[in-house]
Amino acid sequence: MVRELQKYDITVLHAVERLMKRYQWVPFDILRQNTGFSETELQYRLGRLMAQDLLKSSSVPYPGYQLVFSGYDTLALLALTGKGTVSMLGSMIGEGKEAVVYEGLGFGPVALKFHRVGQRSFQTARKNRDYMPESGHCPWIFASSYSARKEFDALTRLYPDVNVPVPVDINRNVVVMSFIDGFTLNRCILEAPGDILESILDQITVAYRHGIVHGDLSEYNVMADARDCYIIDWPQWIPSDHPNAGEILRRDVENIVMYFHRKYGIRYPVEEVMSRVIG
Ligand SMILES: Nc1ncnc2c1ncn2[C@@H]1O[C@H](COP(=O)(O)OP(=O)(O)OP(=O)(O)O)[C@@H](O)[C@H]1O
Ligand SMILES: [Mg+2]
């Protein structure tokens with residue numbers, strides 16, 4: 001889709017994005033003024049973009065247009081390919097509640113994480129349009145790019161002292177990072193589980209010293225390859241000096257320790273880990 005978009009399609013997409021800061025539904029006439037396109041040209045471009053599900057339209061409260069997630073993703077991909085940090089998009093490798101991950105190619109193999117936060121609340125908000133501010137900011141655009149930014153910040157602060165994917169680039173709601181050629185812990189049987197557990201607890205400790213508590217740590221957010229393990233999925237991190245940091249750290253540690261106990265029979269006292277991390 002990114003390859004097939006024409007210059008004028010992209011002009012319209014950018015204009016809708018810009019104007020969504022001021023209008024919940026960007027009026028046709030405002031788009032015309034902004035792009036300088038004729039009525040027929042603009043109709044044609046909007047039609048193409050809607051046929052590709054990059055925009056949607058509404059006739060109430062007035063005829064207007066809005067970006068949807070795939071349109072926002074497309075703008076991010078255009079920027080990333082323009083800069084050369086991404087040259088190819090491969091297949092989907094993960095889908096969670098608030099993100100979709102694809103493999104891709106940049107200078108080397110990369111993972112592209114498309115953050116998609118606020119979709120559900122956005123849809124309910126749309127149904128109850130009365131409750132939205134009239135010239136509304138778009139909550140899902142804000143929430144998704146914020147989530148991506150937060151994850152990227154954690155990666156840049158932690159890499160290379162903690163085993164995390166190498167942060168490569170960020171645009172809008174998309175984080176580009178190095179591709180880890182491995183599996184999440186729930187999907188593999190470790191040969192040396194004790195060593196991997198030690199390594200994870202070390203990573204938690206170093207992250208804590210760098211001021212970061214993961215906040216969503218579990219076997220689903222640790223990947224292992226042939227050599228080592230890596231902690232992924234950082235958008236919900238909290239600062240180590242946050243009032244709830246201790247409680248959230250304990251939950252992270254418990255999730256990991258209990259998982260290794262259940263699956264490999266390894267016992268590790270949570271208290272011991274806590275004083276090792278905090279001490
Ligand atoms: N850098 C990476 N290299 C290889 N695979 C990755 C990478 N990052 C993520 N993945 C894959 O994508 C899946 C989902 O990624 P991640 O855990 O970051 O997001 P998520 O769980 O979908 O998000 P959320 O927690 O918001 O639901 C992972 O389980 C993993 O299989
Ligand atoms: Mg995850």
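Residues are numbered from 1 along each chain as its sequence is written, and chains are lettered from A and ligands numbered from 1 in the order in which they are written. Because the model is predicted, local features need pLDDT of at least 70 and side-chain atom pairs count only at pLDDT 80 or more, whereas totals for chains, interfaces and linings use all residues.

Two helix pairs were examined, with helices (H or I, at least four residues) and strands (E, at least two) taken as DSSP runs numbered from the N terminus. The axes of helix α1 (residues 7–19) and helix α2 (residues 28–35) come within 10 Å and cross at roughly 120°; axes are lines fitted to C-alpha atoms, for helices over the stretch in contact, and angles run from 0 to 180 degrees between N-to-C directions. This angle makes α1 oblique to α2 (angles under 35 degrees count as roughly parallel, over 145 as roughly antiparallel, 65 to 115 as roughly perpendicular and the rest as oblique). On the α1 side, the contact is formed by Thr11, Val12, Ala15, Val16 and Leu19, and on the α2 side by Ile30, Leu31, Asn34 and Thr35; residues are in contact if their C-beta atoms, placed from the backbone, lie within 7 Å. These contact residues comprise 6 nonpolar, 3 polar and no charged (Ala, Val, Leu, Ile, Met, Phe, Trp, Tyr, Cys and Pro count as nonpolar, Asp, Glu, Lys and Arg as charged, and the others, Gly among them, as polar).

For helix α7 (residues 193–209) and helix α8 (residues 245–264), the axes come within 11 Å and cross at roughly 175°. The two helices are therefore roughly antiparallel to each other. Helix α7 contributes Pro193, Leu197, Ile200, Ile204 and Tyr208 to the contact, and α8 contributes Leu249, Asp252, Val253, Ile256, Phe260 and Tyr264. By class, 10 of these residues are nonpolar, none is polar and 1 is charged.

The largest nonpolar core holds 73 residues, of which Val16, Val110, Leu112, Val174 and Val176 touch the most other members. Such a core is a set of buried Ala, Val, Leu, Ile, Met, Phe, Trp, Tyr and Cys residues joined through C-beta atoms within 7 Å. Helix α6 (residues 139–158) gives the most to this core, with 7 residues. Leaving out residues up to four places away in sequence, Val174 touches Asp73, Ala76, Leu80, Leu112, Lys113, Phe114 and Ala148.

The peptide bond from Val60 to Pro61 is cis, with omega near 0°, and Pro61 is placed in the loop between β2 (55–58) and β3 (64–67). Tyr159 and Pro160 are likewise joined by a cis peptide bond, with omega about 5°; Pro160 lies in the loop between α6 and β7 (167–171). Arg172, although not a glycine, has a positive phi of about 50° and is located in the loop between β7 and β8 (174–178). Arg172 counts as buried, with 22 C-beta neighbours inside 10 Å (buried denotes 20 or more other C-beta atoms within 10 Å of the residue's own, exposed 12 or fewer, and partly exposed in between, with C-beta atoms placed from the backbone).

The loop between β12 (229–231) and β13 (238–239) contains Gln236, and Asp233 lies in the loop between β12 and β13. Asp233 has a positive phi near 65° and is buried, with 26 C-beta neighbours inside 10 Å. Gln236 is partly exposed, with 15 other C-beta atoms within 10 Å. Beyond its neighbours within four places in sequence, Gln236 is in contact with Gly215 and Asp216. The C-alpha atoms of Gln236 and Glu151 are separated by 7.5 Å, the two residues being 85 residues apart along the chain.

Conventions
Contact = placed C-beta atoms within 7 Å.
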